[in-house]
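Student: I would like a close look at one part of this model, and then at how the rest is put together around the chain. Please take the sequence and the structure together.

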Amino acid sequence: SSSSHPHSHQSISRVRARRQVAGGVGEEGVAMTTIESPSYGSSDHAASAWLVAADAPFVAATPICLDAVEEGSEGGQGGGMRESGQMRESGVRCKSLSFRQSANSAAGRDSGWREILGREIMSGLLGLRGVKGGSTTGRASWLARCFLGVCVLTTVASLTTLLALRHQKEEATGRDIAANIDTRLCNGFEHLCDRAYDKVTYGTIHNAMSALDDGFAVPNNFRSFNAGLDAGVRAMMLDIVSSAAFGARLCHQDCSLGQLDLTVGLQRIARFLHDHPHEVVTLIFEEIPLDGDELLKTQLEAALNVSGLSPLLFVPLDPTAASGTPSIQPISSSSSTSTSVSFSWPTLGQMIDRGQRLVLLGDRRPPPAPFKAQKWYIYMWDAAVETPFSFFIKSDLLNTTSSCLYNRGSPQNSLFIVNHFLTNPLANPFLAETINYDLLKSRAQSCALQQARSVNFLTVDFWSKSWLMATVDTLNS
């Protein structure tokens, strides 16, 4: 702009933008955004416009010139409101521009307002209104303004690029920090890394394969066990039905009500463990061998191999291993008809470091050789003890003196399963909602106190309608 003008130091001015929702002004629901320039008094009024109201919801509309000022008029007094096209044709200037649009209109939102605002700003910036008849003075002024405009736009582009690079660097730094933090977490918490496996509580889904998500009729759960893993569940009770005719399937006795191929189900779990390298998961199998234990164990081993889970299986070490190495050590039972085993479990951190993050418990003893080679198969009742599971109404669970008693398994076993679901006669979401909240937390705490031990597997139906994970976090804290 001309240096001789008394307001030249204000010619590049910051434009104030404000958004008004005009109730009762104009048509109903009209939103008005007004841009005012303090340099309107200058005949050379074209200024760099910086829109500071970034949330102004402009859409395609005609800008309105408020308080138009005739060229050469004194004091900046004008004649009301005109459209910007009329303003340019009559040679008037604006105190302010208003962009109007219907609050309900979405047409052109992404492109219209940018085109309109850009045209108005650039029109003033480059001084196109000041070029009349192609005069030498006009052309020189226009070229000077072009140069100024290029400088401003270059500066804006440079600043935008620098801010983008800084944002990318901050994001990368954030990811690095998150990655470093993640390496110190075990099952979501740093303090669990130094805690032995049998001193941790795991949210557990009863009949985890039986889910409405997977098309099961009369399901035990609304959501699939994949969703449960994503939500923080770290143990699942799964039923395997094995036969020569149909292979191994995940279903609850009657597979006509719903079934899932064993290999497919295990592949889902493998994907989760692959994507979450600091999580330890437990599978508790109830096995129904229609054609013998040998076939079932063969099918299970094949499914683990195909799914990619075999390398992740926790394998108890030989008790004669070197001193300090985590091991599982059998202890002689006083009973001649059963075997009681005391397990000395590694910490979650040790299991993660060894890459053995999947614990497999089954309710049928392995048959003789060659199945003794399946070191990863842990007979459930050598390792765990459970509460009763035949509960029909809420009051059955309220009496913790009886509902927390031991059922199957030896009290000496290191893992404690607290069954917390109602079956009357089948799983019922309405019954589950009566016990899955406050009672879940209070009973789990009561069972832990009554038996003076950690609750390891807190087992529920309809886990997505419960305080399961909140209760687990409380017990683990």
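Student: Are cysteine 404 and cysteine 447 buried or exposed?

Tutor: Cysteine 404 and cysteine 447 are both buried; buried means under 20% relative accessible area, exposed over 50% and partly exposed in between, with a 1.4 Å probe and protein chains only. This is a predicted model, in which local features need pLDDT of at least 70 and side-chain atom pairs count only at pLDDT 80 or more, while totals for chains, interfaces and linings use all residues. Residues are numbered from 1 along each chain as its sequence is written, and side-chain values use heavy atoms, with hydrogens and water left out.

The two cysteines form a disulfide, with sulfur atoms 1.9 Å apart; the criterion is a pair of cysteine sulfur atoms within 2.5 Å. The torsion about the S-S bond of cysteine 404 and cysteine 447 is about -75°, so this disulfide is left-handed. Cysteine 404 sits in the loop between helix 10 (400-403) and strand 16 (415-419), and cysteine 447 sits in helix 12 (residues 438-451), so the pair ties together parts that are 43 residues apart in sequence. Helices (H or I, at least four residues) and strands (E, at least two) are DSSP runs numbered from the N terminus.

The structure holds three disulfides. One of them joins cysteine 186 and cysteine 193, whose sulfur atoms are 2.1 Å apart. That link is right-handed, with 105° about the S-S bond, and cysteine 186 and cysteine 193 are both buried. Another joins cysteine 251 and cysteine 255, at a sulfur separation of 1.8 Å. Cysteine 251 counts as buried because its relative accessibility is 0%; cysteine 255, at 10%, also counts as buried.

Strand 7 (residues 235-243) runs parallel to strand 10 and is joined to it by eight bridges; two strands pair if DSSP finds at least two bridges between them. Serine 242 has proline 289 of strand 10 as its bridge partner. Strand 13 (residues 358-362) also runs parallel to strand 10, through five bridges, and there valine 281 stands opposite leucine 358.

Strand 10 is also among the elements against which the buried residues of helix 6 pack, including strand 7, strand 13 and helix 5 (262-275). Contact here means heavy atoms within 4.5 Å. The buried residues of helix 6 include Leu296, Leu300, Ala303 and Leu304, together with Asp293 and Lys297. Seen down the axis of helix 6, the buried residues fall within an arc of 165°, so they line one face; the arc is taken from the directions from the helix axis to the C-beta atoms.

The largest nonpolar core has 51 residues, and Met236, Leu238, Leu266, Ile269, Leu283 and Leu309 have the most contacts inside it. Such a core is a set of buried Ala, Val, Leu, Ile, Met, Phe, Trp, Tyr and Cys residues joined through side-chain atoms within 4.5 Å. Helix 5 supplies the largest share of this core, six residues. Leaving aside neighbours within four places in sequence, methionine 236 is in contact with residues including Phe225, Ile269, Val281 and Leu283.
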